[in-house]
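Please open the structure in your viewer and keep the selection panel at hand. The tour below goes from stop to stop, saying what to select next and what is there.

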Amino acid sequence: MSRFDEDDAFEAGAKLSLAARAMAARPAPYLDDLNPAQREAVEALDGPVLMLAGAGTGKTKALTTRIAHLLNTGRARPNEILAVTFTNKAAREMKERVARLLGQSVEGMPWLGTFHAVCVKLLRRHAELVGLKSNFTILDTDDQIRLLKQLIVAANMDEKRWPARQLAGLIDHWKNRAWTPESVPAAEAAAFNNRGTELYAAYQERLRTLNAVDFGDLLLHMVTIFQRHDDLLKQYQRWFRYILVDEYQDTNVAQYLWLRLLAGGHHNICCVGDDDQSIYGWRGAEVGNILRFEKDFPGAKVVRLEQNYRSTPHILAAASGVIDANQGRLGKTLWTDAQDGEKVRLIGHWDGEEEARWIGEEVEAMQRGTRGMRPFTLDEMAILVRASHQMRAFEDRFLTIGLPYRVIGGPRFYERMEIRDAMAYFRVATSPDDDLAFERIVNTPKRGVGDKALQTIQRTARANGVSLLEGARLLIDAGEIKGKARGALAALIQGFDRWHRAAVAGANHIELAEQILDESGYTEMWVNDKTPEAPGRLENLKELVKALEQFENLQGFLEHVALIMDNETDEGGPKISIMTLHAAKGLEFPAVFLPGWEDGLFPSQRAMDETGLKGLEEERRLAYVGITRAEELCTISFAANRRVYGQWQSALPSRFIDELPESHVEVLTPPGLYGGGYGAAAAPSGAGIEDRAASANVYNSPGWKRMQARSTARPMSQPRESRAMVIDAEAISSFTAGDRVFHQKFGYGTVMGVEGEKLDVEFDKAGAKKVVARFIVSAAQADDVPF
Ligand code: ATP
Ligand code: MG
């Protein structure tokens with residue numbers, strides 16, 4: 001017997017009870033907060049409703065109010081409402097908002113969540129219908145890849161030529177389209193050396209044997225179950241009396257089919273979305289789902305909302321100007337009766353570090369209230385980046401000046417898997433005794449050193465009182481490690497010997513870092529990786545190498561990271577948010593910074609290379625999403641130069657900047673360069689147009705961009721010296737209590753006590769801390785350091 005029948009004591013589809021009718025007569029004060037169009041969408045409880053409207057027009061607000069109204073009028077019980085959103089954060093917020101509207105906590109809305117969360121619950125109830133047990137496991141990517149690799153080898157295919165990660169991407173793509181191995185269309189079936197569908201079928205079979213699913217299966221299995229078991233589908237159609245979907249423009253085919261099946265009986269489905277905010281095409285989202293809605297649900301009420309309640313007219317006009325350049329939009333009118341407020345601010349910087357420095361200073365100034373604006377709290381501010389590697393410069397900078405921040409929707413830069421791996425290599429190269437680091441990377445990339453081999457190494461190391469690296473060497477020398485592991489491990493040990501010698505001899509640490517990542521096979525591992533995350537990981541690795549430029553050697557850098565990670569405690573209190581544009585969907589902040597608007601970074605070169613105009617238009621929608629997150633103040637910035645692998649490259653400002661309507665934009669003059677302030681003397685002699693661009697009123701002089709276009713990616717002839725962040729310890733005299741000092745992370749402070757190498761310092765901003773003397777300089781000295 002299925003679980004459905006057990007809990008199904010409630011007679012779904014029953015007529016409204018007397019109690020429910022009495023509830024329907026209850027007051028609904030929350031309706032007064034809506035405009036007529038929203039109210040229409042909320043009160044049209046039965047039948048299909050499509051709310052199609054631009055950013056900030058109150059779609060989510062209307063959707064949430066609709067849930068409250070369904071409950072308040074007794075139309076549905078909490079567990080009869082199916083409401084899906086895209087992130088857990090959005091789902092939580094929706095629940096809280098409903099509770100606020102009703103003035104009481106909402107118990108038991110088990111079906112309000114992400115597509116995945118809801119589908120896991122359903123699939124556990126009906127797993128047997130697709131040959132699984134209800135306690136199935138959900139595979140992570142690593143498990144999935146391992147499994148696929150076995151299948152590729154079993155199929156006598158060369159795994160090097162036909163990597164498992166590529167197959168994983170392909171299968172994911174098919175699952176997003178709700179194709180089972182049998183239904184992949186012939187045109188696609190030729191993929192992966194004509195073996196794709198065969199391997200897909202074998203993979204599904206293996207998963208079944210293992211009683212496991214991957215993420216794509218959660219939806220695919222539920223669609224299959226509903227397609228094959230009409231009786232069960234009908235039960236659920238009665239059970240979920242009302243269906244609501246936020247961010248509908250980003251649903252993929254599988255999600256769309258699943259919704260269409262469930263709404264097939266009563267058609268009580270309300271979808272809200274904005275075609276201009278469709279940003280997940282690269283993951284199979286089909287903006288066409290919006291257009292199909294009226295066809296699938298004839299007689300659907302289509303509600304258009306036009307008043308924007310979020311942003312000032314300047315922000316709205318800037319966003320509209322950008323999105324106007326896209327072809328084939330549904331087109332919408334947006335207006336606001338908010339005060340004009342500040343224009344969108346645009347500023348060009350010399351390079352990425354300077355951009356981060358400026359934003360750090362600007363944030364602090366805005367906290368106090370600057371340029372006649374009201375003060376903003378940190379919670380009211382957000383930095384939205386295109387690529388996660390951009391976060392590194394901000395995190396480093398904010399840690400340096402002690403500005404509290406949080407990263408939303410992902411780990412912080414130095415906590416990312418690939419960064420920790422890379423740093424583990426650096427750690428062993430500088431300190432061969434670092435066993436923890438050695439353990440982390442000895443089998444990454446795969447060297448055939450499994451758990452057993454590692455245990456043998458550990459035993460040998462312990463028995464001989466040596467490090468794991470030395471333990472491994474002993475085993476190799478004694479011929480006790482066999483097979484593939486032997487050669488691979490020997491090569492790794494030789495590598496560490498070489499890298500350590502180079503580090504000790506004072507080799508250029510940036511080149512050494514690149515060499516370590518290349519020779520160890522670590523970079524190659526991600527190059528061969530065909531998952532959607534791999535390119536981002538490679539970019540993070542490049543960013544890591546870039547971060548090294550500010551240090552004298554690997555050791556100094558590793559100490560810096562250890563220090564900042566160690567000091568990082570989550571103390572609560574207000575923080576500025578850093579997140580990707582994708583993660584910012586649906587959110588809003590009074591002040592938003594949009595850094596890195598450079599062609600190639602944003603719009604992303606990869607998106608354009610892979611899908612051409614389609615990719616460019618998706619990037620443009622992302623720009624629209626970014627600008628429309630801002631309520632009062634939106635600051636766009638770009639850097640004229642980025643340093644890639646130690647080479648200066650000039651960057652062209654994003655083409656989206658040209659699309660901003662000029663009358664709504666104020667161009668700020670960057671500090672420094674020629675105008676005094678920090679770094680005034682830092683512009684290189686013989687500097688090219690890039691410098692002029694960075695210091696000139698960029699927005700008003702498109703000509704330089706054309707000129708620059710001809711010289712794109714030309715390495716600068718005389719790169720500016722990089723700014724040292726670690727201060728030379730030699731120059732530091734000993735401190736005594738009462739001295740004013742400066743610390744690179746905590747800023748200025750006063751020495752309270754001295755204990756050998758350690759100082760007790762009362763920092764002006766960060767409070768009392770114990771710090772190591774070598775990370776401190778006198779305040780007077782610090783003023784000369786170009787931080
Ligand atoms: P997005 O497309 O970015 O997801 P949205 O259309 O979902 O935006 P909401 O987040 O629901 O917009 O609303 C934007 C802001 O406008 C919120 O702060 C919301 O509280 C406010 N708002 C919405 N409708 C009204 C209204 N009728 N009166 C006053 N404020 C409103
Ligand atoms: Mg919304």
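A residue is called buried when its relative accessible area is under 20%, and exposed when that value is over 50%. Keep these cut-offs in mind, and remember throughout that this is a predicted model.

Begin by selecting Asn 211, which lies in the loop between helix 10 (196-210) and strand 5 (212-213). With a relative accessible area of 12%, Asn 211 falls under the 20% limit and therefore counts as buried.

Next, select Asn 156, in the loop between helix 7 (141-154) and helix 8 (164-176). Here too phi is positive in a residue other than glycine, with a value near 60 degrees. Is Asn 156 buried or exposed? Its relative accessibility is 75%, which is over 50%, so Asn 156 counts as exposed.

Now turn to the peptide bonds. Most peptide bonds are trans. Select Thr 444 and Pro 445, and you will find that the bond from the one to the other is cis, with omega near 0 degrees; Pro 445 belongs to the loop between helix 19 (435-441) and helix 20 (451-464). Then move to Phe 602 and Pro 603, which are joined by a cis peptide bond with omega at about 5 degrees, and note that Pro 603 is found in the loop between strand 13 (589-594) and helix 27 (605-627).

The next stop is ligand 1. Which residues come nearest to ligand 1? Of the 19 residues around it, these are Lys 59, Thr 60, Gln 277, Glu 588 and Arg 629. Sorted by class, the shell holds three nonpolar, nine polar and seven charged residues, and helix 4 (residues 59-72) gives the most to it, with three residues. If you display distances, you can find an oxygen atom of ligand 1 at 2.5 Å from an N or O atom in the side chain of Glu 588, an oxygen atom at 2.6 Å from an N or O atom in the side chain of Lys 59, and an oxygen atom at 3.1 Å from a polar backbone atom of Gly 58. Taken alone, ligand 1 exposes 640 Å², and the protein buries 83% of that.

From there, select Leu 305, which has its place in strand 8 (residues 301-305) and, at 2% relative accessibility, counts as buried. Leaving aside neighbours within four places in sequence, Leu 305 is in contact with several residues, among them Gly 54, Gly 58, Lys 59 and Thr 333. Leu 305 and Gly 54 are 251 residues apart along the chain, yet their C-alpha atoms are separated by 7.4 Å.

Continue to Thr 635 in strand 14 (residues 630-644), a residue that is buried with a relative accessible area of 1%. Not counting residues up to four places away in sequence, Thr 635 touches Arg 345, Ile 347, Trp 358, Val 592, Phe 593 and Leu 594.

Finish with helix 6 (residues 115-126), whose 12 residues should span 16 Å at 1.5 Å a residue; its end C-alpha atoms are 16 Å apart, so the model agrees with the expectation. Colour the buried residues of helix 6, which include Phe 115, Val 118, Leu 122 and Arg 125.

Notes: Residues numbered from 1 in each chain as written. Chains lettered and ligands numbered in written order. Predicted model: local features only at pLDDT ≥ 70, side-chain atom pairs only at ≥ 80, totals over all residues. Heavy atoms only, no water. Helix = DSSP H or I, 4+ residues; strand = E, 2+ residues; numbered from the N terminus. Expected span 1.5 Å × (residues − 1). Buried < 20%, exposed > 50% of the residue type's maximum accessible area, 1.4 Å probe, protein only. Contact = heavy atoms within 4.5 Å. Near = heavy atom within 4 Å. Polar contact = N/O pair within 3.5 Å; in protein donor to acceptor, adjacent residues only side chain to side chain. Areas by Shrake-Rupley, 256 points an atom, 1.4 Å probe, with all protein chains shown as cover. Nonpolar A, V, L, I, M, F, W, Y, C, P; charged D, E, K, R; others polar.
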